[in-house]
Amino acid sequence: MLETTTPQTPAGQTPAGQTPAPSAAPAGSAPAGSAPTAVLGRNQYGKAEVRLVHVDRSTPRHALTDLNVTSMLRGDFEDCYRTGDNARVIATDTQKNTVYAFAKQYGVAGPERFLLRLAEHFMAEGTWLTGGRWEAEQFGWARIIAAGEGHDHSFVRTGPEVRTAAVTVQDGATHVIGGIKDLVVLKSTGSEFHGFPRDRYTTLPETTDRILATEVTARWRFREPITADGTSGVDPDETFAAVRAVLLETFATTHSLSLQQTLFAIGEAVLAARPELAEIRMVMPNKHHYLVDLSPFELGNDNEVFLAGDRPYGLMQAAVTRPGEPDQPAAWEWLGGFC
């Protein structure tokens, strides 16, 4: 049996008598002169959820700030996506390191101002950068009470509510948004739900006395400028505390005919109290509580014993805006739950 062999050709050369094969085009690119097969749409990239705990030791009474920071950059990254050219890609690890370095250099004077400082820094890093989104969650800590007063350097985690903030730079404008999430509230009476349409599939009974409970996610957009160094007249920390207080008071004091009515009443009260805000957006799931039937045990149930429902649940989402205030869609794009 004869064995046949194929002549070996040195690398980079074409065997005699053969036409050279065309060079392979870069992945994702179209042959020269042809129409592109795909177009890169809106995009951003960055480092998500950088955990930062900062201790201010400038006095013996320490201050603790606990943040979860995300940095996302926008710009001309066409070459990176099409050919893998990273010349314009600020590494996500660099973005993470900048968060920690800025905490050391400048401290953390509230999440909105810290994010503004990051935005100003990154927007100066390259002419190809056109914008970005910087977000933070702030986890609460309270001083432990010892000997009748708050301890200087010992804390207890509060919650589960979380303060939120976002800074977006787009088309030359900077948008600042404060917020809160995971704020669970309940009122045991002062809530009704009736007068809704009924058809063959409606089984829900009407009620003039029910538990109303929800887990509030709210974000508010500032219409007045905020500066990273705190020289502006608006204090985001003061705004946060005030909005939270108005939200809770309005929830408690509004006799509710629907969760939608309560949502709007909260938004209206916040805008009336805080002239620095342009709008507030809220997401409120209805945390249902079902009256338990105790009749099999020959027991009554006068709105006392409930089953806390899990799912499915009603879900309300709405924006409440100051009259005449221009819409700013760039402030909300890709902000989870508010698009």
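Trainee: Great! What kind of model is this?
Mentor: This is a predicted model, in which local features need pLDDT of at least 70 and side-chain atom pairs count only at pLDDT 80 or more, while totals for chains, interfaces and linings use all residues. Residues are numbered from 1 along each chain as its sequence is written, and side-chain values use heavy atoms, with hydrogens and water left out.

Trainee: What is the average pLDDT of the protein?
Mentor: The average is 92, and 90% of the residues score at least 70. pLDDT is the predictor's confidence in each residue, from 0 to 100.

Trainee: And where does pLDDT stay under 50?
Mentor: That happens over residues 1-25. For this stretch the model has four contacts beyond four places in sequence, where contact means heavy atoms within 4.5 Å.

Trainee: How many helices and strands are there?
Mentor: The protein has six helices and 10 strands. Helices (H or I, at least four residues) and strands (E, at least two) are DSSP runs, numbered from the N terminus.

Trainee: What share of the residues counts as buried?
Mentor: Of the 339 residues, 37% are buried. Buried means under 20% relative accessible area, exposed means over 50%, and partly exposed is in between (1.4 Å probe, protein chains only). Also, take the contacts between residues at least 6 apart in sequence: 67% of them join residues at least 24 apart.

Trainee: Let's talk helices. At what angle do helix 4 and helix 5 cross?
Mentor: Helix 4 (residues 236-253) and helix 5 (residues 259-273) cross at roughly 140°, and their axes come within 9 Å. Axes are lines fitted to C-alpha atoms, for helices over the stretch in contact, and angles run from 0 to 180 degrees between N-to-C directions.

Trainee: What do we call that arrangement?
Mentor: That angle makes helix 4 oblique to helix 5. Angles under 35 degrees count as roughly parallel, over 145 as roughly antiparallel, 65 to 115 as roughly perpendicular and the rest as oblique.

Trainee: Which residues meet there?
Mentor: From helix 4 come Val-243, Val-246, Leu-247, Thr-250 and Phe-251, and they meet Thr-262, Ala-265, Ile-266, Ala-269, Val-270 and Ala-273 of helix 5. By class, the residues of this contact are nine nonpolar, two polar and no charged. Here Ala, Val, Leu, Ile, Met, Phe, Trp, Tyr, Cys and Pro count as nonpolar, Asp, Glu, Lys and Arg as charged, and the others, Gly among them, as polar.

Trainee: How do helix 2 and helix 3 pack?
Mentor: Helix 2 (residues 92-106) and helix 3 (residues 111-123) pack at about 120°, with their axes 11 Å apart. Helix 2 and helix 3 are therefore oblique to each other.

Trainee: New topic! Is Glu-137 buried or exposed?
Mentor: Glu-137 is buried, with a relative accessible area of 19%. Glu-137 sits in strand 3 (residues 129-146). Leaving out residues up to four places away in sequence, Glu-137 touches Asp-66, Leu-67, Asn-68, Val-162, Arg-163, Thr-164 and Lys-181.

Trainee: Where are the cis peptide bonds?
Mentor: One joins Gly-159 and Pro-160, with omega about 10°, and Pro-160 lies in strand 4 (residues 149-170). Another runs from Arg-311 to Pro-312, with omega near 0°. Pro-312 lies in the loop between strand 9 (306-308) and strand 10 (315-321).

Trainee: Last one: what is phi for Ala-147?
Mentor: Phi of Ala-147 is positive, about 55°, although Ala-147 is not a glycine. Ala-147 lies in the loop between strand 3 and strand 4, and is exposed at 86% relative accessible area.
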